[in-house]
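Please read the points below with the sequence and the structure open beside them. They take up the surroundings of the ligand and then some of the helix contacts.

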Amino acid sequence: MKLKRGVALAAVVGVAMTLGACGSDSDSGSGGGSGEDAPQGAIGVILPDTESSVRWESADRPALEAAFEDAGVEYDIQNAEGSADRMATIADSMIANGATVLAIVNLDSDSGAAIQERAASQGVKTIDYDRLTLGGSADYYVSFDNTVVGELQGQGLADCLGDEDASLIYLNGSPTDNNATLFSEGAHSVLDEVSTYTNAGEQAVPDWDPDEAVTIFDQLYTQAGGDVDGVYAANDGLAGAAISILERNGRNGEVPVTGQDATVEGLQAILAGDQCMSVYKSANLEAGALADTAIALVNGEEAETNGETEDVDGDRQVPSVLLEPQSITTDNMQDVFDDGGQKVEDVCTGRYEAMCEDAGIS
Ligand code: BGC
């Protein structure tokens, strides 16, 4: 269902008054959306949590705010704090407050699909942001090419290890996150091809929880009798967990570990030689793509896409914007700073200052 122009304009007025009052963890703005060409509705975005990666609050939220402010569109960004029930409640309240487009980073496909179904039944368009909701009904999917993310991780680990015999442990992301499946598949597609590598253990980390990852990696390491030469860790949080156990065993720095998100801690671990690589996925690019897609929908237009993504559960192709991720090592870390992905002063502090200098980072 499309809102008629007049109805949408009326909604915008209502939204301007109500969207600001959505709780302490919400952020909303108006950005001066008036005039003929101004977007004609409001956009709700629900981020998943604050624990699985620092990216959601430290990178995505500010990038989304900037993109929506630039476009002068009404928006409300909230965080479900790891609770699917909370995400559903937030979605309902955003729709009640006048959101006509809803973007979610699902916490699992079933709860995401239920939110999207309820939204669609009220004429609200939905977008999957970063994670595809399997069996969902999102109108669009905005993300990076997540199989390529996994391939970059696999290649990064292989580059650090060389083709000597190596026994690997895989610390995968949450089993409820379709991205984690794609990352792992991408990594395996590279690493399984190297005949000198063996798999010494593999486990998924529920909810990407770094604390649980410490326990899981400790067990995998012990089960392997410490015979571990390389670690596939699906993001920087899980990498940090693995590194803490390697450190406890006096092995950090000699066992390469992969990561993802180019977080402050991840970049510092790369500089220190404890982590072999990370994957940079520009929040500005992803947030900008989400803003473009959402604004098109708010205006009742079709959004621009560059491909389709198969939803294997829903047996459908979801129109998608898929961006290119970048592999990061010390050699090209400057790119992250130049792109505004991190600030030099946040990473190059304390003992990392000299390491940054050695790496030519400025
Ligand atoms: C995202 C990663 C993130 C992970 C944990 C994935 O879906 O693509 O960037 O590290 O979730 O939040």
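How do the residues of the shell around the ligand divide into nonpolar, polar and charged?

1. The model discussed here is a predicted one. In it, the shell around the ligand holds one nonpolar residue, six polar residues and five charged residues. The residues that surround the ligand are S52, S53, R55, D130, R131, G173, D177, N179, W208, N235, Q260 and D261.

2. As to where the ligand sits, residues of the shell come both from domain 1 (28-144 + 282-324) and from domain 2 (146-281 + 327-358), so the ligand lies between these two domains.

3. Helix 5 (residues 146-161) and helix 6 (residues 178-191) have axes that come within 6 Å and that cross at roughly 40°, which means that helix 5 is oblique to helix 6. The crossing in which helix 5 passes helix 6 is right-handed. Helix 5 brings N146, T147, V148, V149, G150, E151, Q153, G154, Q155, L157 and A158 to the contact, while helix 6 brings N179, L182, F183, S184, E185, G186, A187, H188, S189, V190 and L191. Sorted by class, this contact of helix 5 with helix 6 has nine nonpolar, 11 polar and two charged residues.

4. On the side of helix 7 the contact is made by P210, A213, V214, F217, D218 and Y221, and on the side of helix 8 by G237, L238, G240, A241, A242, S244 and I245. The residues of this contact of helix 7 with helix 8 divide into nine nonpolar, three polar and one charged.

5. Helix 8 (residues 236-248) also has a neighbour in helix 9 (residues 264-271), where the two axes come within 9 Å and cross at roughly 50°; helix 8 and helix 9 are therefore oblique to each other. Here helix 8 passes helix 9 in a left-handed crossing. The residues that meet are D236, A239, G240 and I243 in helix 8 and E265, G266 and A269 in helix 9, and by class this contact has three nonpolar, two polar and two charged residues.

Methods: Residues numbered from 1 in each chain as written. Predicted model: local features only at pLDDT ≥ 70, side-chain atom pairs only at ≥ 80, totals over all residues. Near = placed C-beta within 6 Å. Nonpolar A, V, L, I, M, F, W, Y, C, P; charged D, E, K, R; others polar. Domains from an automatic or database assignment. Axes fitted to C-alpha atoms, helices over the stretch in contact; angles between N-to-C directions. Helix = DSSP H or I, 4+ residues; strand = E, 2+ residues; numbered from the N terminus. Parallel < 35°, antiparallel > 145°, perpendicular 65-115°, else oblique. Left-handed = near helix turned anticlockwise from the far one by under 90°. Contact = placed C-beta atoms within 7 Å.
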